[in-house]
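Dear colleague,

I am handing over the structure below, and I would be grateful if you could look through it before reading my notes.

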Amino acid sequence: MLKIALALAFALVGGAIALNLWRLITGPSALDRILALDTLYVNAIALLVLLGIHLDSALYFEAALLIAMMGFVGTVALCKYLLRGDIIE
Amino acid sequence: MAEYLLAALILSGGLFTFIGSLGLVRMPDFYTRLHGPTKATTLGVGSLLIASMLHFSTRESGLSFHEVLVTLFLFITAPVSAHLLSKAALHLRLPSSVRLPRLVIETEQNDGQVNRP
């Protein structure tokens, strides 16, 4: 039961990451690409959580936490650059 | 019993994640594209993290609460980054598929497009 649900969820999140990559490549504006990167890191967290359940190890949680923090900082820095022309004023 | 709940949570998490990314690809302009990922992926990742919490609570001795950290962090930072993205989009005057309200257009014509970057 759990194995089937995990396999389906892996496929769904993998498909979501493929869709994000498509938007990252063909996004018409720079902000679309930033939004795609933002979604990409959230989906990477989902994939890591699924991998932690699948392998039955709590080790991947730290990686998910690191990705969450660094992804947010990256998104804010990119938006700030487009908004003000500078990151740290 | 716990296994069925876990499977349902994992499936709904995966589904919401996929629907959010589908919205990112299918929506017509940037402002509508912002809706999909910022709402649905937090819901998807939230239910996946609850599933992980349940799994490690039933597997090991004692409750496992460290997934709350990621959940809390994501739920605080997702609206902030969405707000910054929409602010930058308004600043760059990205085209919208909907016309602006009449009052805004008249004000812009009277001001002679002062705020344009």
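**Confidence and conventions**

Among the elements of chain A, the lowest mean pLDDT, 91, belongs to helix H3 (residues 60-84) of chain A, and the highest, 93, to H1(A); here pLDDT is the predictor's confidence in each residue, from 0 to 100, and helices are DSSP runs (H or I, at least four residues) numbered from the N terminus. Chain A averages a pLDDT of 91, and 100% of its residues score at least 70. Where pLDDT is low, the predicted coordinates should not be read in detail.

This is a predicted model, in which local features need pLDDT of at least 70 and side-chain atom pairs count only at pLDDT 80 or more, while totals for chains, interfaces and linings use all residues. Residues are numbered from 1 along each chain as its sequence is written, chains are lettered from A and ligands numbered from 1 in the order in which they are written, and side-chain values use heavy atoms, with hydrogens and water left out.

**Where the chains meet**

Chain B and chain A each bring 45 residues to the contact, contact meaning heavy atoms within 4.5 Å. The size of an interface is often given as the accessible area lost when the parts come together. Between chain B and chain A the buried area is about 4100 Å², with 82% of it from carbon and sulfur atoms; this is the accessible area (1.4 Å probe) that two parts lose on being put together, summed over both.

Eight residue pairs, both residues at pLDDT 80 or more, are in polar contact between chain B and chain A, where a polar contact is a pair of N or O atoms within 3.5 Å; within protein, one must be able to donate a hydrogen and the other to accept it, and residues adjacent in sequence count only if both atoms are side-chain atoms. On the side of chain B that touches chain A, the elements giving two or more residues are helix H1 (2-26), helix H2 (30-33), helix H3 (35-59) and helix H4 (67-91) of chain B.

**The salt bridge**

How many salt bridges does a search of the whole structure find over all chains? The search finds one, a salt bridge being a side-chain nitrogen of Lys or Arg within 4 Å of a carboxyl oxygen of Asp or Glu. The pair crosses between chains, from Arg33(B) in helix H2 of chain B to Asp32(A) in helix H2 (residues 30-55) of chain A, and the side chains meet at 2.4 Å, N to O.

Arg33(B), at 5% relative accessibility, counts as buried, and Asp32(A) is buried too, with a relative accessible area of 3%; buried means under 20% relative accessible area, exposed over 50%, and partly exposed in between (1.4 Å probe, protein chains only). Leaving aside neighbours within four places in sequence, Asp32(A) is in contact with Arg23(A), Gly27(A), Phe30(B) and Arg33(B).

**Other residues to look at**

Ala5(A), placed in helix H1 (residues 2-26) of chain A, is buried at 5% relative accessibility. Beyond its neighbours within four places in sequence, Ala5(A) is in contact with Ala7(B), Ile10(B) and Leu11(B).

Most residues other than glycine have a negative phi, and most peptide bonds are trans. Asp56(A), however, has a positive phi, near 60 degrees; this residue sits in the loop between H2 and H3 of chain A and is partly exposed, with a relative accessible area of 32%. Arg93(B) has a positive phi near 55 degrees, lies in the loop between H4 and helix H5 (102-111) of chain B, and counts as partly exposed at 31% relative accessibility.

With kind regards
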